[in-house]
Amino acid sequence: LEEPSVRNMKSSVSFLSHVICFSFIFSLVSAQQCSHDGVDYSALRANDGCYKAHADAADFWMNICDNAKCSGIPDSCTQKGPAVAYQNVLKNTSSGEYECFAVGKLETGEWNSLVDGHGSKTDSVVYKGDDQREIMYLMVCDPGLEVHVEIIGVAEQRRTTIAWKSMYGCRDDDDDGLGIWSIIFIILLVGLVLYCGIGAFYKRRNLGVSGVELIPNIEVWREVPGHFKSMADWSVNKVRHTFFPSGYQPLR
């Protein structure tokens with residue numbers, strides 16, 4: 001028979017593997033999201049990895065919904081780590097010295113809808129980067145364009161505004177369709193209600209239980225805190241044995 005500690009460890013490892021699996025799937029879904037209010041902008045991603053533009057003594061390499069990664073990006077920029085946009089600023093005109101900033105990190109993207117005085121909507125996404133810099137993309141409607149990137153403003157080198165003119169920025173202002181995350185949230189909420197409702201009804205009808213025992217799979221949920229505790233204990237012991245490999249044990 002296995003020792004209780006071994007069984008607990010196996011159970012904790014199994015639980016952790018499921019958490020990692022679901023986290024990985026969620027990260028893939030998040031990385032692939034390139035839509036807002038039901039409008040898909042994934043076609044705006046650069047085929048060769050980035051778009052290049054120039055304004056106010058600075059070069060820009062940028063992408064949308066993905067990191068900029070193409071030939072020509074200086075090493076001083078890529079050393080800043082992955083970014084949706086880089087800004088290479090000319091610091092000294094006589095020496096030609098440049099300084100590069102990662103002005104937009106992919107994970108900071110925040111979508112919004114701007115409404116003008118006529119009630120027309122323009123979707124936007126803001127990415128934040130190094131040194132309090134950020135870059136805003138405006139999804140501008142132009143039915144005759146596949147995609148055209150144009151810098152329309154650089155505010156004291158801190159915020160750069162880019163107009164992404166394309167047919168994909170055109171939308172029906174009367175269409176207030178749900179976005180992908182709204183749909184996912186509704187599906188999860190309905191699934192949770194069905195899970196709890198059907199499970200409670202079954203346990204009440206067939207097992208005659210009441211109160212907190214009506215929660216479906218209550219035994220599993222009761223074990224969750226123990227799983228987290230086992231994982232925490234295992235992590236602490238692993239760190240202790242890795243960084244403090246002495247034969248002494250701490251006093252209790």
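1. Strand E9 (residues 134–141) is largely enclosed by the rest of the structure, because 6 of its 8 residues are buried. Buried means under 20% relative accessible area, exposed over 50%, and partly exposed in between (1.4 Å probe, protein chains only). Strands (E, at least two residues) and helices (H or I, at least four) are DSSP runs, numbered from the N terminus.

2. A note on the source: this is a predicted model, in which local features need pLDDT of at least 70 and side-chain atom pairs count only at pLDDT 80 or more, while totals for chains, interfaces and linings use all residues. Residues are numbered from 1 along each chain as its sequence is written, and side-chain values use heavy atoms, with hydrogens and water left out.

3. E8 (residues 121–128) runs antiparallel to E9 and is joined to it by 5 bridges; strands pair if DSSP finds at least two bridges between them. Valine 126 stands opposite methionine 136 of E9. E11 (residues 159–166) runs parallel to E9, with 8 bridges, and lysine 165 in E11 is the bridge partner of valine 140.

4. Arginine 133 sits in the loop between E8 and E9. Arginine 133 is buried, at 8% relative accessible area.

5. The structure holds 4 disulfides, a disulfide being a pair of cysteine sulfur atoms within 2.5 Å. One of them joins cysteine 141 and cysteine 170, with sulfur atoms 1.9 Å apart. This pair links distant parts of the chain, 29 residues apart: cysteine 141 is in strand E9, and cysteine 170 is in the loop between E11 and helix H3 (180–207). Cysteine 141 is partly exposed, at 40% relative accessibility.
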